[in-house]
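Here is my note on the model, as numbered points. Please read it beside the coordinates.

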Amino acid sequence: NTNINININTNTNVNINKHIASMSDVTKFLSEVLRTFQMNFIYVELVKQFFDQLFIVIDAILFNDIVLRKELCSFQKANEIETNIHLFDFWCEKEGQEWLGQPQSRLVHVRQASEVLMLHDKNSLAIASKREEYCSEINLTQLKQLLSFYSSEALDDKVPFTVLYSISKEQSKGPKENLLLDSMHVNSLTSRTLHYLETVDLKSIPFPISVKEEFAATISEEIRLKENSFTSESNNESFASTSTSTSTLSLRDTLARSSSISNNINSPVNFSTPSNQNLNNLNKQN
């Protein structure tokens, strides 16, 4: 029941309103998303689950688009899809499987759809073991749709009617299957992914060099600011202590002088003079 909202702000200039975006645009944006996670030190397992969910949605949207659009079910379009998948795999390997997982496990339905459309011997799809080899994740309803929509410039590259009949016959024996994938499916979030980073994680997780350098620069700047703050506080305390000592000494001097004056005032005054003493002595003698 936990709602986790992740706001990702990137500086990637990707025109979302473009009708066609190249794979380089897509991977550039995904790299910025990944770098945002890394710069904020999000735990690697949580990042991996985020991309798991993202690729599931992308796979469903692209596959649904293929099975619903006849112009995409051709050898030429399938070849273009295959090329983009190779670029996607290359990007995954470059960014690291630790963050993105195995690229072959991504976009499975799109991969298998392109393989079916590019398969030269489509007669083999009438055999269950061959279907398991080529398109195990695609059900019979989806396979029939792909083959029905398939078109090719080559006259000899047509889908035999016997293949479609065999698939339809086997389809009728089983339960009803969905043509489209659920693009709104959300994976569960395991508790082990909700982990905060510790020092051992920073050493073991393969953060990119650029991230480590920026992190080191940030830490150095924070240490410098704290040292400057500490020095400033020390100077203020020293100045306050000096001022207090000076005030104390001045007060002590004042009190000492006041005490001296007070003692002099309160001491008995000797009014006798030498002439008076002589007079007293003379009186005694007399």
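1. Helix α7 (residues 140–149) packs against helix α8 (residues 161–173) at about 160°, with the axes 10 Å apart. So α7 is roughly antiparallel to α8 (angles over 145 degrees count as such). Axes are lines fitted to C-alpha atoms over the stretch in contact, and angles run from 0 to 180 degrees between N-to-C directions.

2. Contacts here mean heavy atoms within 4.5 Å. On the α7 side they involve Leu140, Thr141, Leu143, Lys144, Leu147 and Ser148. Their partners in α8 are Val163, Leu164, Ile167, Ser168, Glu170 and Gln171.

3. The model is predicted: local features need pLDDT of at least 70, side-chain atom pairs count only at pLDDT 80 or more, and totals for chains, interfaces and linings use all residues. Residues are numbered from 1 along each chain as its sequence is written, and side-chain values use heavy atoms, leaving out hydrogens and water.

4. The protein has 11 helices and 0 strands. Helices are DSSP runs (H or I, at least four residues), as are strands (E, at least two), numbered from the N terminus.

5. Helix α1 covers residues 23–39. Its 17 residues reach 24 Å from first C-alpha to last, close to the 24 Å expected at 1.5 Å a residue (1.5 Å times one less than the number of residues). Phenylalanine 41 follows α1 with a positive phi, near 55°.

6. Buried residues (under 20% relative accessible area, 1.4 Å probe, protein chains only) make up 27% of the 286 residues. In α1 they include Met23, Leu30, Val33, Leu34 and Phe37.

Terms used
Buried < 20%, exposed > 50% of the residue type's maximum accessible area, 1.4 Å probe, protein only. Parallel < 35°, antiparallel > 145°, perpendicular 65-115°, else oblique.
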